[in-house]
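Thanks for coming. I will go through one protein model this morning, starting with its overall layout and ending with the ligand site.

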Amino acid sequence: MSKPKFQTVTGMHDILPQDQAYYEKIQEVAKKVFAFYDFEKIDTPILEDANLFIKSVGENTDIVEKEMFTLKTKGKDSLVLRPEGTASIMRAYIEHGFLSLPQPVRLWYYGPFFRYEKPQAGRYRQFNQFGVEIIGETDPIVDVQTILVMYSVLNDLGLKGLMVKVNSIGDDNCRPLYRKALVKYLREKKTGLCSDCQKRMKVNPLRVLDCKNEKCQETLASAPQSVDYLCDDCKKHLKDVLEYLDELKVPYCLDSRLVRGLDYYSRTVFEIESTKAGENTGGVLAGGGRYDSLSKMLGGGETPACGAAAGVERIIAEMKENKARVSFSSVPEIFFAQIGPLAKKKSLPILEDLRKAGIKVGEAFGKDALKAQLGKASRLGSKVVLILGQREALNNMILVRNMQTAKQVEVKQEDIIKEVKNILKEK
Ligand code: AMP
């Protein structure tokens, strides 16, 4: 078959009807878990000022350096298709004076995000994320609640083999010391690093730690670890996080290589991955951490916060891998067939009455032949067919045919909802 003239552009994909049930299920489960934990929903625009991300995510990160979809408006403003949610939400928190609300403010979001990445399995240029932010609280218990709500959504979706990886990258107090020790180590081992990491070493050395290149991984085997450089406050914070996690019995491990390379993170960072990840899922399903300095970076006050985001497409790939059950739209148990022009006209308002009564009804009104309509009814597996012919249309009656027994009764049109409800109750 020759290629169609127009196709989705690189890295973008259509979400076809057969996949919609997964998206709906994920939103339904996320909404339920977040509502229980008292999160309120927020939607921010898809377009934001480019500087919002440059100032927060950081100039020397992959997201800002390589992956932002930037556009110039006619007025020469530099806007971007949002690459992530946290910076926008902190902007909204500051802009709308949420500081005057009882703290912490708990928010959740769902929507599309855009990164100009090299498309590959589980990596798109437009993808969906849902996430949470708990803003205005330093207590380590909210770090663990952030982990817990994300873990619970994944778990409630039926995903197996989930593992939480946690680390602490310290704060503005102790991270410079760690950074210095790491840079010293990396300089000595420079030749064992890939060319990307040789550059990263100068601008964002912590990022070197999560390079997937095998040569880099070997070189990093005895690199200094951030947990050994934590100040007393950060050490205590991490200890509390781990103790709360122990209480919850969420499967977790301490991972000294986990840094999550964005500038706004401090102290706790975490990722949730599937240890049973198949080839198409890429493993990491969600990630997040504490970002106590972000508010100040964006011109707000001292507002500690913690948040996380999960990738919807990765979760769906994982659900498919796990053969997780999602219910697709229910089969209409009732089918409505019509014969003749008068019946066809009258069938629209009758169908509306059935819809308003909450009864799901299938139809093939575009077809006139009864055989073609009954063919669709049997393909759908409908148990009952309502038939409106010319005679019934004139007499305000309708035929109710039980497809299993082939028995047919005539009822008054005004009684049809009662009749159908009775039939559905009997089954
Ligand atoms: P991040 O904002 O990079 O921490 O990403 C959070 C989650 O979103 C990741 O764990 C992935 O599951 C998902 N994700 C990130 N980037 C992409 C992408 N380009 N395509 C699909 N999913 C992504």
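The C-alpha centres of domain 1 and domain 2 lie 50 Å apart. Domain 1 takes in 17-174 + 230-322, and domain 2 covers 334-426; these bounds come from an automatic or database domain assignment.

Two housekeeping remarks. This is a predicted model, in which local features need pLDDT of at least 70, side-chain atom pairs count only at pLDDT 80 or more, and totals for chains, interfaces and linings use all residues. Residues are numbered from 1 along each chain as its sequence is written, and side-chain values use heavy atoms, with hydrogens and water left out.

Next, a sheet. Five strands form an open sheet with mixed pairing, in the order β13-β12-β14-β15-β16. Strands here are DSSP runs (E, at least two residues; helices are H or I, at least four), numbered from the N terminus, and two strands pair if DSSP finds at least two bridges between them. Why is one side of β13 and of β16 left without a neighbour in the sheet? β13 (361-363) and β16 stand at the edges with a single partner strand each, so one side of each has no neighbour there. On average, neighbouring strands of this sheet are turned by 30 degrees against each other, direction ignored. For that angle, axes are lines fitted to C-alpha atoms (for helices, over the stretch in contact), and angles run from 0 to 180 degrees between N-to-C directions.

Now the pairs inside that sheet. β12 (residues 334-338) and β14 pair in the parallel sense over five bridges, and Phe336 has Leu386 in β14 as its bridge partner. β14 (residues 384-388) and β15 (residues 397-402) are antiparallel, with four bridges; in this pair Val385 stands opposite Arg401. β15 also pairs with β16 (residues 408-412), antiparallel over five bridges, and there Val400 is partnered with Val409. The hairpin of β15 and β16 has five residues between the strands, and Ala406 takes a positive phi near 60 degrees in it.

There is another hairpin, formed by β3 and β4. Four bridges join β3 (residues 69-72) to β4 in the antiparallel sense, with Lys72 opposite Ser78. This hairpin has five residues between the strands, and Lys76 takes a positive phi near 70 degrees. β4 (residues 78-81) is also joined to β2 (residues 47-49), antiparallel, by three bridges; Glu48 has Val80 as its bridge partner.

Last, the ligand. How many residues surround the ligand? There are 14, the closest being Arg115, Glu117, Tyr124, Gln129 and Arg260; a residue counts if one of its heavy atoms lies within 4 Å. By type, the shell divides into six nonpolar, three polar and five charged residues. In that count Ala, Val, Leu, Ile, Met, Phe, Trp, Tyr, Cys and Pro are nonpolar, Asp, Glu, Lys and Arg are charged, and the others, Gly among them, are polar.

An N or O atom in the side chain of Gln129 is 2.9 Å from an oxygen atom of the ligand. The backbone takes part too: a polar backbone atom of Val284 is 3.1 Å from a ligand oxygen, and a backbone N or O atom of Leu285 lies 3.1 Å from an oxygen atom of the ligand. Taken alone the ligand exposes 480 Å², and the protein buries 91% of that, with areas from the Shrake-Rupley method and a 1.4 Å probe. β6 (126-135), β10 (284-290) and β11 (305-311) each give two or more residues to the shell, and the largest share, three residues, comes from β10.

How values were computed
Polar contact = N/O pair within 3.5 Å; in protein donor to acceptor, adjacent residues only side chain to side chain.
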